[in-house]
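Student: Could we go through this one together, with the sequence and the coordinates side by side?

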Amino acid sequence: MNGWVSALFLRELRLAVRVGGSGVVGVLFFLAVVTVIPFGVGPDLNLLARIGPAILWIGALLATLLGLDRLFQADRDDGALDLILMSGRSMELVVLVKCLAHWMATGLPLVLAAPVFAIFLNLDPVAIGAVTLTLLVGTPALTLIGAIGASLTVTLRRGGLLMAVLVIPLAIPVLIFGVSSADAAIHDPVPFLTPFLILCALSLIAAVIGPFASATALRFASD
Amino acid sequence: MAFWDFANPTRFMRLTDRVLPWLIGACAIAFAIGLYKSFFMAPEDYQQGDTVRIMFIHVPAAWLAMMCYSVMTLSSIGTLVWKHPLADVSAKSAAPLGAAFTFISLITGSLWGKPMWGTYWVWDARLTSVLVLFIMYLGLMALWRTMEDPIKAGKAAAVLTLVGALNLPIIKFSVDWWNTLHQPASVMRLDGPTIHPDMLIPLLVMALAFTLLFFTLHLMAMRNEILRRRVRSMRQKAAASARPAAATASTQAAE
C-alpha cells in the first residue's frame, strides 16, 4: 500500500525537478511579476509596503496557474495516465500524491523565494514572516484547486488559457484570506489567527474537493 | 415514473410541443401585467424617484441568475449520478441563459448605481460575488465550446458545475469578509423601510414573469440542442456510409 504511494511520489518529484525544471521557471516568473508591479504603480516605497502582501499573493497565484498544465498533460501524452487509471489504485489518492509532489516541486520554491522578493517591496520583518507563512499554508490549496482545472482541460490541445479562466474564480477565497491574514499581521483591525485559521480550513477543504473532482474528471476524460 | 419518461428525447419533444404554447402565453400575460404595474401603477419612491423602477427588472434578473445555477447543479447531478440523457442538454442550454440574466442584473444594477451612489461600479460584496458568478458562467460556456464530443463535454462541465456549487457559498462568505474588512458597508443600505405592498406586488409579478421566461427559453434551447445533436449524428452517419473505410467513426446516439 505505502510502496506504490511513495514510488509514485518520488517519480513525480524526479520528473518535475529533472524535466524542464518548472520549479525554477516558476520562481523566475514570480520574480518577473514582482519586478513589473513597481513599474505599473510607481516606486513609492510606502505604497509598495502597503500592497506588498497582495503583490506576492497574486504573483504566487499566477506562477501556480502557469505551472499547472504540467500536472497531467505530460502523463496523458505518453500514456502513463491511462496506465495509472487501469492500475486499479484509488484515483483520488493518486491525484493527491501527484498534487503533493507538484507542490513540492513548484509551490515550495515560490514560498521559499517570497521572503527575498518581499525585501524588494519594502515589507518589514513581521510582514515578511506573515506573508511567507500564509503562502506556505495557502499555495497547496491553489495547487489542489488548480488540479480540477488541469484535469478538466487535459484533453484539450491548448487548455492553459481556459484552465486559468476556470480556476481563478475558485481561487478567489484563498486569495482573500491569504492577503487579509497577512494584512492582519501588519496593521491589525482583526487578530491574525482568525483569517489564518480560515485559510487553513480552505486548504483542507481543497484537499478533499480537489482530488475527488479531479479524479472524476480524469476518469471521464479517458476512454 | 415521470422522471424517466423525459429520458426519451422524442417523448420530450412531443411533450414540450404541447406545453410550450401555454408557457409562452402565460409568460406574455405575466409580462404585460408586470410591466404595466411596475411602470404605470407602482408609486415613485420618495427618495429614489423613478429610478426605483429599475428594481423591477434588476431584482428578478438577479434571482433568476441564482436559480439558473441551481437548475444547472441539479442537471449536473442528473448527468453524473443517474446518467440521465437529457440532463446535460438541460445544463448546457441553461448556462447562456444564466449568463444573460447575470449580465442583465449587473447592467441594470450599475445603471441604478450611477444616480444613487454616483458611480457605476462599487466593489461591494454583493456586486463582486455576482461578477464572479458571471465569470463562472462564461467559463462553463467556454468549456462546453472547446470540447467536440457533447457527452464528454457534458461530464466535464457537470464536474465543474458541482465544484462551483460547493464553492459559491464559500466565495460569497469570503467576499463578504473581504469587503467588511476593507470598507464598512455605508453605501449599500437597501434595507431602508420595508417594501410597501404597492411595490411588492409588481415585483412578485415580474419575478413570476421572469421565471416563466426562463422556463420557456430553457425548453426552447433544449429542443434546439436535441435537434442539433440529431443533425450531428445524421451527418456522422452520412459521412460513415459515404466512406465505408471511416465507418469506425463513433456515432453517438442522440435519438
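Student: Happy to start with confidence. What ipTM does the model score?

Tutor: Keep in mind that this is a predicted model. Its pTM is 0.85, and its ipTM is 0.86.

Student: Which stretch of chain B has pLDDT below 50 and six contacts beyond near neighbours in sequence?

Tutor: Chain B has a mean pLDDT of 81, with 84% of its residues at 70 or more. Residues 249–255 of chain B are below 50, but that stretch has 18 contacts beyond near neighbours in sequence. Where pLDDT is low, the predicted coordinates should not be read in detail. The stretch with six such contacts, also below 50, is residues 183–189 of chain B.

Student: Good to know. Now to the contact between the chains: which element gives the largest share of the side of chain A that touches chain B?

Tutor: The contact takes 20 residues from chain A and 22 from chain B. On the chain A side, the elements giving two or more residues are helix H7 (125–152), helix H8 (160–186) and helix H9 (193–221). The largest share, 10 residues, comes from H8(A).

Student: And how many charged residues are on that side of chain A?

Tutor: Sorted by class, the side of chain A that touches chain B has 18 nonpolar residues and two polar ones. The number of charged residues there is none.

Student: Is B:Val159 buried or exposed?

Tutor: B:Val159 is in helix H6 (residues 150–182) of chain B. Leaving aside neighbours within four places in sequence, B:Val159 is in contact with A:Leu152, A:Ala213, A:Thr216 and A:Ala217. A residue with 20 or more other C-beta atoms within 10 Å is classed as buried. B:Val159 has 26 such neighbours, so this residue counts as buried.

Student: How far apart in space are B:Val159 and B:Ile77, C-alpha to C-alpha?

Tutor: In sequence, B:Val159 and B:Ile77 are 82 residues apart. In space, their C-alpha to C-alpha distance is 8.9 Å.

Student: One last topic, within chain A. Are H3(A) and H7(A) roughly parallel or roughly antiparallel?

Tutor: Helix H3 (residues 45–67) of chain A packs on H7(A) with the axes 10 Å apart, at an angle of about 30°. Their crossing is right-handed, and their contact has nine nonpolar, five polar and no charged residues. Residues making it include A:Leu56 and A:Leu61 of H3(A) and A:Val131 and A:Leu135 of H7(A). Because angles under 35 degrees count as roughly parallel, H3(A) is to H7(A) roughly parallel.

How values were computed:
Residues numbered from 1 in each chain as written. Chains lettered and ligands numbered in written order. Predicted model: local features only at pLDDT ≥ 70, side-chain atom pairs only at ≥ 80, totals over all residues. Contact = placed C-beta atoms within 7 Å. Helix = DSSP H or I, 4+ residues; strand = E, 2+ residues; numbered from the N terminus. Nonpolar A, V, L, I, M, F, W, Y, C, P; charged D, E, K, R; others polar. Axes fitted to C-alpha atoms, helices over the stretch in contact; angles between N-to-C directions. Parallel < 35°, antiparallel > 145°, perpendicular 65-115°, else oblique. Left-handed = near helix turned anticlockwise from the far one by under 90°. pLDDT = per-residue confidence, 0-100. Buried ≥ 20, exposed ≤ 12 C-beta atoms within 10 Å, placed from the backbone.
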